[in-house]
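The entries below follow the order in which I went through them.

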Amino acid sequence: MSILGTRVLRTEDPRFLTTGGVYTEDLTDEALDGACHVFFVRSPIAHARIGRVDLSAALAAPGVIAAFSGADLADLPAIEPMMAGMLNAKMTRRLLAIDKVRFVGDPVAVVVTEDPYQGEDAVELVDVDYDPLPAVVDFDDALSNETILFEDAGTNVVVEFGNAGSLKPELFDGCEVVVSHTFGNQRVAPAPMESRAAAAVWGEDGRLTTWIPNQGAQSARDDLAKMLDVEASQVRVITPDVGGAFGAKFGADPEHAVVAWVARQLGRPARWTETRFENLISMTHGRGQRHTIMIGGSRDGDVLGYRLEIIQDGGAYPRIGAVLPFLTIMMATGPYSIPNAEAIGTSVVTTTTPIGAYRGAGRPEATAALERALDLFAAEIGMDPADVRRRNLLPPFTEPHQTAFGALYDSGDYAAALDKALEAAGYADLRAEQASRRASGGTVQMGIGVSCYVEITGGGDESGAPQENATVEVHPDGTATILTGTSPHGQGHSTAWAMIASEELGIPVENFTVRWGDTDLIPVGGGTGGSRSLQQGGAAVQQASKELIELARERAAAALEASAADLQFDPGRSAFAVAGDPDASVRLADLAKDERLFVHSIFTAPGATFPFGTHVAVAEVDTETGKAVLRRVITVDDAGLVLNPLLAEGQRHGGIAQGAAQALLEEVVYDADGNPLTASFADYPIVSATELPSFELASMETPTSYNPLGVKGIGEAGTIGATPAVQSAIIDAVAHLGVRHVEMPTTPMRVWRALVEASAQGTDSESA
Amino acid sequence: MIPAPFDYVAAESAAHAIELLSQHGDDAKVLAGGHSLLPMMKLRLAAPEVLIDIARVADLAGISVDGDELVIGATTRHADLASSELVRADAPLLAHAASLVGDPQIRHRGTIGGSLAHADPAADLPMALVALGGSVELTSAGGTRLVAADDFFAGFFETALEPGELLTAVRVPRRPGVAWGYQKFVRRANDWAIVGAAAIDGRIALANMGSVPVRARAAEQALADGASAADAARLAADGTSPGEDIHADRAFRQHLARVLTRRALEHIS
């Protein structure tokens, strides 16, 4: 029986649950003996010119070894935005700010101490003169260019994807109904349990070794080399255990480079672990889009036109966030067949924390905009939102489907996912219960939200087709090692990669060691992000394992003095045997005795895959207080074949929780002066178990032909599907009272205010 | 997230703690459960030079009966308050309030005296004490004085405690079998109240509707005059001037105060 598709328990867990992980701050590597500790001085002002930076008092404080300001690092090159060819290349950043600070949290200096406690005291003694400039927090303030963050750039616009002049006035010709709306997809904090950290030491050979929690050591190495102006071969990045990342630990940040620079400058190892306060103000945030939608169609429910205009907040320095409208536009029409559609986007800089990738990165925004638009359209024509969706979904397809926005959907049966989710939810019964509760007029009303999605996973990067490498080696003692270019931080690659190789090699899962995250050991790798790992990294492990069997077959033929063609590999015994003579056999492990037995292989996929599904959420809303409580979440997430249901469900659970959190609770808030108001967990309400129901997961597996495992990505489905489903459920609970929309997060105050306004409008129209 | 440097002294008795307090004056802060003080120190919103730890002072903990009142030692933990059969029988509102403070870890560390002396207007126990019409014993080298809950809370994180005074005990009237209502409005289970309302015996207290836990006096008067719960609750926000934050503006807080007061009163009737 195949191990694939079974619920193999995570081989990672015994260690995590007993001795615990070893995170960067926990490292006791002797190379780090005698390390100094780096503490950052961060701007308390959103936008200012930097005057004098006086380090003298800090230098005199107990335990202070050194202190540096931006001027000390001025020789290092300015950091251009990633994808500088696409983004405004004049919006550069220094490792420590020199002329200007551009957000609260922008690092301006460091204090280096013998122990970390002394650093936190000493940074308070660094005296920086700031000459404040107006903050730019609001989208419209950024677009107005009245205050410009980067004078050289002459504009706050980072990049435009299309422009308003290209929009077609005739897009909605022939529509009986046209609805438009502007709403936000708010900024949220990734808030991983482990904050950022680094440990760095330079060897006598002039090479840097640095430990960084990240999502791919290779891209972190390349970023560090660029920031430190050294060759990538001079940098070794090692990835310890990583306590969550959600997109925000991809590559390396300026702080990581500063720690390495300090270590080189002082000639001793240096360490840094940021505080939770620092994490919430200076690790990249996610989302931060504003959408203006227009949707039109017939009164019987055919959607004929859809327009999406996106403004993306890139934060103070353009990073991956500024590029995200590209993905939002690519996925603008989702799983629907909409004859006329157009989407444009503009990214701007603001005096706030830079925006990066966050679970879904661009696709949740596309789904949220479209699903909200469909609900507004359904409400306008008085049709059940599920019926409107079914009527407009693309028909099932097995050959790739090309969309108007350049996406090539690999396979899909969107209506089947919708029907399956509705059935699992008991949709008709839910609507009946809702009707009776509305009729009874009770204080607590119920709403149902439905969200259909298709998303893109495992896309290629600038360098071309999506690929990943793996090395599989069998040892003489019957154990095996897998080296992977992916970089798990909770996903369970040790378990999954072992399952895949075990299936081919007949070696038990527990005999595998899976290694990643050391650029000297694994110089090439794409890391883990964009839900790419299993479909490329896992496929590479499978390919390497199959190739290893063929390599071993030659050795077995020699050992058994038989023709390779006459040998059969029996995974049950992990041995080759001569056909018809089972006693003439040799174990795979034995073939590694005289010569190492390993294969390095690169898997290349034909393209990205497009998982899809439907989420249904049920919420109750207290119509007096506005408080929403999530009662049920039912999802169908079709990500192709499932390798290990336990791992896949874990990915779905986490994603749904974070999606529900965005709809219900979470938002990074700044005041008009650019001061962060959500810089601790007392004010930034990350979701907890008490706010979530048990999730109901229905299964659906439509294989893809893009990799031999038949798998697509599952890591981000939760935030993509759940966010709009939960938001819609809350709005639906009060829709009969005249509410059409509530911004995310759907706080009690927002729901209450929407009810008050709807009630006032109802009264107005009655009296009119 | 590391406090500024400070000295630490473990008090051996209440008298010793008071002696230390008078010795160090304003430079000292009393440490009990530490679940309000330590976060403030880590955020450097508080930077006392000396911490006087009273957590292990035996004569400051415990719950006893003194005539018509329960006497609760200042270092009694929320979890002990919530599970005390004595408190559940004679002051169930207080036991309920204690069961809602923070999360289980906080309830096993935080103390009633610490919560009251911290005087966060959004917290459970200050509102509960005002609703119950309780009082606190404040002890100094010069002796002990009794201050009514209504007079104890002086402002945002401010109380009637004088320098050199230690909150040593809490007194609440025993009211076995008297109906009560308690409403705490939160977004997440372990949050501070956006608004709270507690009602018993014609008294109504509100959390987070001003710089101190306040009485809804207009509503209380209406009740005394025979108004229905619904009619009285409409007056619950009269005279309040709540603060504004990312959760609620003034109008929403006042609306919540009316709704929660009505629900608390309806729970009684």
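**Entry 1: helix α9 of chain A.** I looked up the burial of α9(A) and found 15 of its 19 residues buried, so I noted the helix as mostly covered, the cut-off for buried being 20 or more other C-beta atoms within 10 Å. The model is predicted, and I read each value with that in mind. I then checked the length of α9(A), residues 363–381: at 1.5 Å a residue it should span 27 Å, and its end C-alpha atoms are 27 Å apart, so the two agree. Just after the helix, I found A:Gly382 with a positive phi of about 70°.

**Entry 2: A:Thr275.** I placed A:Thr275 in the loop between β12 (270–273) and α7 (276–282) of chain A. I counted it as partly exposed because it has 18 C-beta neighbours inside 10 Å. I also took its C-alpha distance to A:Glu380, 105 residues apart along the chain, and got 48 Å.

**Entry 3: A:Gly105.** Is A:Gly105 buried or exposed? I found 24 other C-beta atoms within 10 Å, so A:Gly105 is buried. The residue sits in the loop between β4 (100–101) and β5 (107–113) of chain A. I listed its contacts, leaving aside neighbours within four places in sequence: A:Arg42, A:Ser43, A:Ile281, A:Ser282 and A:Thr353. I also looked up A:Ile45, which is 60 residues from A:Gly105 along the chain, and the two C-alpha atoms are separated by 8.1 Å.

Entry 4: I kept the background in mind: most residues other than glycine have a negative phi, and most peptide bonds are trans.

- I found A:Asn145 with a positive phi of about 60°, although it is not a glycine. I located A:Asn145 in the loop between α4 (139–144) and β7 (157–161) of chain A. With 14 other C-beta atoms within 10 Å, A:Asn145 is partly exposed.
- I found A:Asp229 with a positive phi of about 60° as well, and it is not a glycine. Its loop lies between α5 (217–228) and β11 (235–238) of chain A. I counted 10 other C-beta atoms within 10 Å of A:Asp229, so it is exposed.
- I found a cis peptide bond from A:Met744 to A:Pro745, with omega near -10°. I placed A:Pro745 in the loop between α16 and α17 (748–767) of chain A.

**Entry 5: helices α15 and α16 of chain A.** I looked up how α15(A), residues 645–664, packs on α16(A), residues 717–733: the angle is about 40° and the axes are 7 Å apart. The crossing of α15(A) past α16(A) is right-handed. On the α15(A) side I noted residues including A:Gly654, A:Gly655, A:Gly659, A:Ala660 and A:Ala663; on the α16(A) side, residues including A:Ala717, A:Gly718, A:Gly721, A:Ala722 and A:Val726. By class, I read seven nonpolar, ten polar and one charged residues in this contact.

**Entry 6: domains of chain A.** I read the division of chain A as domain 1 (30–132 + 206–273), domain 2 (286–457 + 608–767) and domain 3 (467–604). The C-alpha centres of domain 1 and domain 2 of chain A are 37 Å apart. How many residues of domain 1 of chain A are in contact with domain 2 of chain A? I found 19, and they meet 22 residues of domain 2. By class, the domain 1 side has twelve nonpolar, four polar and three charged residues.

**Entry 7: chain B.** I read three domains in chain B: domain 1 (7–53), domain 2 (58–173) and domain 3 (180–268). The C-alpha centres of domain 1 and domain 3 of chain B lie 33 Å apart. I then checked helix α5 of chain B, residues 92–99, and six of its eight residues are buried. These are B:Leu93, B:Leu94, B:Ala95, B:His96, B:Ala97 and B:Ala98. I found them packed against elements of chain B including α3 (78–83), α4 (85–90), α8 (124–132) and β10 (166–173).

**Entry 8: contact between the chains.** I found 16 residues from chain B and 20 residues from chain A in the contact. On the chain B side, the largest share, four residues, comes from helix α12 (residues 250–268). By class, I read that side of chain B as eleven nonpolar, two polar and three charged residues.

Terms used:
Residues are numbered from 1 along each chain as its sequence is written. Chains are lettered from A and ligands numbered from 1 in the order in which they are written. This is a predicted model: local features need pLDDT of at least 70, side-chain atom pairs count only at pLDDT 80 or more; totals for chains, interfaces and linings use all residues. Axes are lines fitted to C-alpha atoms, for helices over the stretch in contact, and angles run from 0 to 180 degrees between N-to-C directions. Helices (H or I, at least four residues) and strands (E, at least two) are DSSP runs, numbered from the N terminus. A crossing is left-handed if the near helix is turned anticlockwise from the far one by less than a right angle, and right-handed if clockwise. Two residues are in contact if their C-beta atoms, placed from the backbone, lie within 7 Å. Ala, Val, Leu, Ile, Met, Phe, Trp, Tyr, Cys and Pro count as nonpolar, Asp, Glu, Lys and Arg as charged, and the others, Gly among them, as polar. Domain bounds come from an automatic or database domain assignment. The expected span of a helix is 1.5 Å times one less than its number of residues. A residue is buried if 20 or more other C-beta atoms lie within 10 Å of its own, exposed if 12 or fewer, and partly exposed in between; C-beta atoms are placed from the backbone.
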